[in-house]
Amino acid sequence: MGPGGLRRWLSSRAPAPRICVVGSGPAGFYTAQHILKHHDLAQVDIYEKLPVPFGLVRFGVAPDHPEVKNVINTFTHTARSDRCAYYGNVTVGRDVTVGELQQAYHAVVLSYGAEDNRVLGIPGENLSGVYSARAFVGWYNGLPENRDLKPDLSCETALILGHGNVALDIARILLSPLDFLRKTDITDCSLAALACSKVKRVWLAGRRGPLQVAFTIKELREMINLPGTQPVLNPADFTGLENAVKDAPRPRKRLTELMIKTALEKHREKAVMAQAAVPRQWGLKFQRSPQEVLPTADGMRVRGVRMALTRLEGSGDSAKAVPTGDMEELECGLVLSSIGYRSLPLDPAVPFDTQHSIIPNNLGRVMGVPGIRPVSFSEWEKIDAAEVARGKAAGKPREKIVDPQEMLQLIGH
């Protein structure tokens with residue numbers, strides 16, 4: 001459909017409530033699903049900038065987690081509804097403006113997700129061999145914009161900055177046996193690159209401690225049980241934590257107990273395995289904050305990261321990492337930054353908070369934008385009847401209402 005045809009289609013108006021959803025990821029589809037379920041007459045149109053739907057379910061979920069992708073079946077059922085239409089390959093803000101959508105729909109829902117990554121803001125992060133987690137995940141999951149990433153996997157040691165599930169996903173993909181990955185929907189080019197990978201050691205570093213990690217027990221257990229790999233956790237990092245988590249919420253308590261158990265068990269096993277062939281390894285490093293990505297002698301590639309050692313002020317999730325003044329250097333040839341995503345502005349007509357990378361909103365309603373509520377012909381007839389009634393009382397054909405706000409109040413807008 002050309003731009004002219006799209007705009008002509010948008011200008012048509014059906015009697016039922018029409019809702020536009022921008023973005024076809026989980027948030028977009030769950031929104032559409034809820035509207036269709038609770039509003040019998042509503043029509044939902046979903047716009048997606050890519051030709052294909054499902055957002056993070058397709059491009060973010062790890063290829064070895066097919067059970068998580070089963071939600072696509074539910075989304076497909078929603079998309080096949082007679083009251084739902086999907087329009088891929090349409091970029092809102094370029095092919096059609098938000099203003100045009102506001103004129104054509106009763107409501108516009110912005111669920112286009114976080115399309116960029118947070119930056120480290122330290123010297124050297126643009127060196128070759130440094131990648132964002134978002135780009136790396138997009139590469140092995142077939143996100144079109146990342147298909148030409150070609151990450152250099154020729155080093156033995158990789159450093160992932162972050163202690164979330166995405167960080168563990170990346171570590172698992174880097175260290176998984178190829179036979180595991182061949183059975184997944186990982187892209188062929190990624191599989192070929194991983195087959196040639198020299199990476200055999202992956203460190204995951206975070207600014208805070210074991211009680212503040214963001215990953216969940218399922219992902220941690222997968223890493224611990226990954227064939228051909230050995231967890232390297234320092235028992236000293238967990239001293240006194242058994243008492244500290246006694247009254248913690250159950251998920252946090254179980255997660256911490258698993259880390260402690262693994263640290264103690266694997267520490268004992270390490271001496272036994274020292275004589276055997278060294279397997280692939282992964283480990284967690286705590287209370288380390290990246291200060292600089294260090295270059296090779298020619299200044300072109302990463303050779304390591306200078307880390308500030310930190311101490312914690314406060315406790316629990318609100319604990320803050322404060323530099324101690326001590327530094328250490330960690331050698332690595334691959335750095336993956338997994339410190340979160342951030343949203344980008346969609347359209348000049350939509351307010352955007354650049355400091356927090358969000359659209360300002362109050363319980364989801366965009367702030368700073370007047371809500372357009374079109375007046376239907378039947379609503380005009382209510383205004384018409386009121387004018388005639390007022391005129392009749394004065395012996396006139398009608399008494400015209402001249403205040404637009406009064407007109408809207410009359411019909412309940």
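## Ground rules

Because the model is predicted, local features need pLDDT of at least 70 and side-chain atom pairs count only at pLDDT 80 or more, while totals for chains, interfaces and linings use all residues. Residues are numbered from 1 along each chain as its sequence is written, and side-chain values use heavy atoms, with hydrogens and water left out.

## Helix α2

Helices here are DSSP runs of H or I with at least four residues, strands are E runs of at least two, and both are numbered from the N terminus. Helix α2 takes in residues 26-38, and its 13 residues should span 18 Å at 1.5 Å a residue; the expected span is 1.5 Å times one less than the number of residues.

The buried residues of α2 are G28, F29, A32, I35 and L36. They sit on the same side of α2, because they cover an arc of only 125° around the axis, taken from the directions from the helix axis to the C-beta atoms. Buried means under 20% relative accessible area, exposed means over 50%, and partly exposed is in between (1.4 Å probe, protein chains only). The cover over these buried residues includes β1 (18-22), β2 (43-47), α4 (71-79) and β3 (84-87).

## Two cores

A nonpolar core is a set of buried Ala, Val, Leu, Ile, Met, Phe, Trp, Tyr and Cys residues joined through side-chain atoms within 4.5 Å. The largest one has 46 residues, and L174, V202, M259 and W282 touch the most other members. Helix α7 (residues 165-175) supplies the largest share of this core, 7 residues.

Apart from it lies another core, of 16 residues, including I122, L127, V293 and V335.

Strands β11 (residues 288-295) and β12 (residues 302-313) run antiparallel, joined by 7 bridges; strands pair if DSSP finds at least two bridges between them. One of the bridge pairings puts E292 with R306 in β12. Between the strands there are 6 residues, and G299 in this hairpin takes a positive phi near 75°.

## Cysteines

With a disulfide defined as a pair of cysteine sulfur atoms within 2.5 Å, a search of the whole structure finds 0. For C84, the nearest cysteine sulfur is that of C20, 11 Å away. C84 counts as buried because its relative accessibility is 8%.

C189 is partly exposed, at 43% relative accessible area. Its closest cysteine sulfur, in C196, is 12 Å from its own, too far for a bond.

Technical notes:
Contact means heavy atoms within 4.5 Å.
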